[in-house]
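These are my notebook entries on a two-chain structure. I set down what I looked up and the cut-offs that I applied.

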Amino acid sequence: MTHQEAHQPEKQLALEADELSLSYGGYPIVEGLSLSIEVASVTALVGPNGSGKSTVLKGLARMLPPHRGAVYLDGHVITQMPTREVAQRLAILPQGPRAPEEITVGELVEQGRYPHVGPFRMLEKRDHAAIEYALEQTQLSALRNRPLDSLSGGERQRAWIALALAQEAPLLLLDEPTTFLDVAHQLEILALIRELNRAQGMTFVLVLHDLNQAARYADRMIAMHAGRIVADGAPSEVLSERLLEDVFHVRAHIMTHPVDGTPVCLPYEAI
Amino acid sequence: MIQFTGARRFQAALILSIVLLAALCILHISVGTVQLTPAQVIASLLNRPVEPYDRIIVWDLRLPRTLIALASGAMLGLSGAILQFIMRNPLAEPDMTGATSGAVLGAVLWLASASGGTGDPGVLVPWVALLGGLVAGIAIYAASGGPAGGPTRLIMTGLLISIMLRSVTSMVLVIQQQAVGSAIGWLIGSLNGRVWVHWDILWPWAAVTIPLGLMSARWANALQLGDMTVKGLGVPLGRARAWLFFVAIALTAGAVAIVGGIAFLGLIVPHIARRIVGVDARRVFPLSVVLGAALMVLADIIAQTAIHTVTLPVGAVLAIFGAPFFLYLVQRSRA
């Protein structure tokens with residue numbers, strides 16, 4: 001089978017990477033990585049700093065052209081699809097996104113309609129409906145006229161998620177969506193993601209730093225080390241004392257979360 | 001009806017600034033050696049003159065100057081707004097495209113070479129200047145790495161090549177000193193001696209470039225976000241930035257080819273527009289067009305009336321008021 005032909009997936013796959021090799025700034029980061037993301041799943045990419053998880057996310061979202069292999073979105077080679085069409089099916093929230101200070105929440109979220117309206121057409125009824133929906137889901141309707149820099153960190157992150165939701169893409173890739181937020185806002189963002197996944201059947205791929213949050217909110221954990229996948233499966237299978245020693249270089253106890261039974265790790269010593 | 005923040009504010013600001021512009025235009029036509037009243041101006045414009053002489057003054061001498069001020073101000077205001085969006089830098093201005101210094105060099109080279117020979121160089125100057133501006137702007141885009149180069153590289157390349165072009169202009173004038181007299185207006189920007197011939201060159205250019213700029217507002221909005229977000233939205237980042245940069249070059253070169261190297265207007269106008277209507281390019285762009293026109297007309301009124309015996313170059317007036325405003329901005333941004 002050649003890469004140009006459309007894949008015929010057996011399971012419902014939203015996204016598939018086939019022997020993907022990616023470089024960043026001239027250095028190879030990821031070599032021959034294959035993975036597939038099922039529709040309506042929440043996948044967490046975890047790994048220590050420099051393990052290549054952000055690079056993989058960028059590759060999956062066509063931000064980095066692969067020098068070998070390919071990424072398939074709904075069975076099509078992503079880099080051969082018109083970029084606006086990709087944006088209708090896949091939204092990415094990069095780490096530390098930037099916007100002008102004075103931009104209002106409404107103005108920011110409206111940008112999410114670009115994939116649908118293009119550069120010149122006016123916004124129509126369904127565009128405004130999508131913006132309303134995105135603001136409601138993120139509980140920002142009341143703040144739509146507020147400048148972005150007057151919001152709290154949690155609200156600001158919700159505004160960026162609203163931008164991605166306004167795209168109406170069924171697949172969302174988020175790079176460390178909880179970094180720099182206090183713990184309440186972290187849980188709030190993750191609960192929103194879980195809710196959108198359960199209620200709307202949206203597919204999520206998250207890069208997360210916090211292993212316990214990844215274990216608690218994701219269906220599937222993919223652990224990366226030095227540009228390769230070293231563990232992949234349900235959180236209870238992936239999160240092991242062995243993995244924490246080999247990949248994260250810490251000794252830890254693995255326990256069960258007293259509230260919902262998800263695995264929890266308690267690191268106690270760096271190796 | 002969908003509610004838009006500040007939509008009312010935008011409409012009000014646009015209408016008010018159009019009214020202000022109209023009033024300034026009438027005032028602009030009325031000033032000069034023969035002082036007319038606004039009523040006389042309006043009567044003459046409507047071809048119902050009190051005196052046939054007024055009609056000649058208004059239509060043959062003053063109206064072209066007013067129209068040129070209006071159109072060139074609008075173009076520079078819009079060009080500055082576009083550049084501040086694509087450079088993500090509130091201190092960007094039309095000069096950074098190289099189109100200003102390129103057009104000025106073109107005009108000066110032409111004047112210098114013609115002053116050695118015979119014949120009137122006048123009519124062809126704008127065309128040579130336009131060509132110089134376009135070539136310099138495109139050269140800067142290419143030298144900054146084209147679609148691969150980011151805003152910072154574009155700014156740095158633009159600044160450096162502009163400085164180089166200005167040095168070449170100075171050298172040309174040192175070598176051909178008899179051209180200094182005719183070149184001075186091009187160096188600083190002036191509306192003196194602008195007549196219908198110039199308007200005939202300017203208006204078709206303005207009629208094409210201004211709508212192109214206004215149409216590109218959504219791309220400009222997207223470009224304010226980080227590169228990853230822009231690409232993730234499916235915006236062709238390199239192409240969008242190149243397109244807007246070319247529109248800015250065309251606007252700047254067209255205006256400078258007729259009025260010379262006006263500075264500061266393109267810096268100030270988008271700031272005022274953003275203060276009033278926020279960061280949405282669909283509002284900032286149209287308002288920059290109207291405010292740019294109004295500021296140019298206002299500056300030229302001052303240029304004609306400040307000193308009784310001479311008409312100053314409008315570029316000098318803009319620079320005198322523009323530089324302190326620039327300083328004010330720099331200090332405010334540090335606070």
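**Ground rules.** I am reading a predicted model, in which local features need pLDDT of at least 70 and side-chain atom pairs count only at pLDDT 80 or more, while totals for chains, interfaces and linings use all residues. Residues are numbered from 1 along each chain as its sequence is written, and chains are lettered from A and ligands numbered from 1 in the order in which they are written.

**Chain B as a whole.** I counted 14 helices and zero strands in chain B. I looked up its radius of gyration, which is taken over C-alpha atoms, and the globule rule, 2.2 Å times the number of residues to the power 0.38. Chain B has 20 Å, which agrees with the value near 20 Å for a compact globule, because the chain has 335 residues. Along the principal axes, the C-alpha atoms of chain B fill a box of roughly 65 × 60 × 40 Å.

I then checked burial: a residue is buried if 20 or more other C-beta atoms lie within 10 Å of its own, exposed if 12 or fewer, and partly exposed in between, with C-beta atoms placed from the backbone. Of the 335 residues of chain B, 53% count as buried.

Most residues other than glycine have a negative phi. I therefore looked at R88(B), which is partly exposed because it has 17 other C-beta atoms within 10 Å. Its phi is positive, near 50 degrees, and R88(B) is not a glycine. I located R88(B) in the loop between α3 (52-86) and α4 (99-116) of chain B. In chain A, E19(A) also is not a glycine and has a positive phi of about 50 degrees. E19(A) lies in strand β1 of chain A.

**Strands of chain A.** I took two strands as paired if DSSP finds at least two bridges between them. An open sheet of four strands runs in the order β2-β1-β4-β5 (chain A), with antiparallel pairing. Its edge strands are β2 (27-38) and β5 (76-77) of chain A, each of which pairs on one side only. I found Y72(A) opposite V77(A) in β5(A).

Next I examined strand β6 (residues 90-93) of chain A, where both faces are covered: L90(A) and I92(A) on one side and A91(A) and L93(A) on the other are all buried. Four bridges join β6(A) to strand β7 (residues 171-175) of chain A, and the two run parallel. The bridge partner of L90(A) in β7(A) is L171(A).

**Where the chains meet.** I counted two residues as in contact if their C-beta atoms, placed from the backbone, lie within 7 Å. How many residues does each chain give to the contact? Chain B gives 21 residues and chain A gives 25 residues. On the side of chain B that touches chain A, α9 (217-223) and α10 (227-232) of chain B are the elements that give two or more residues.
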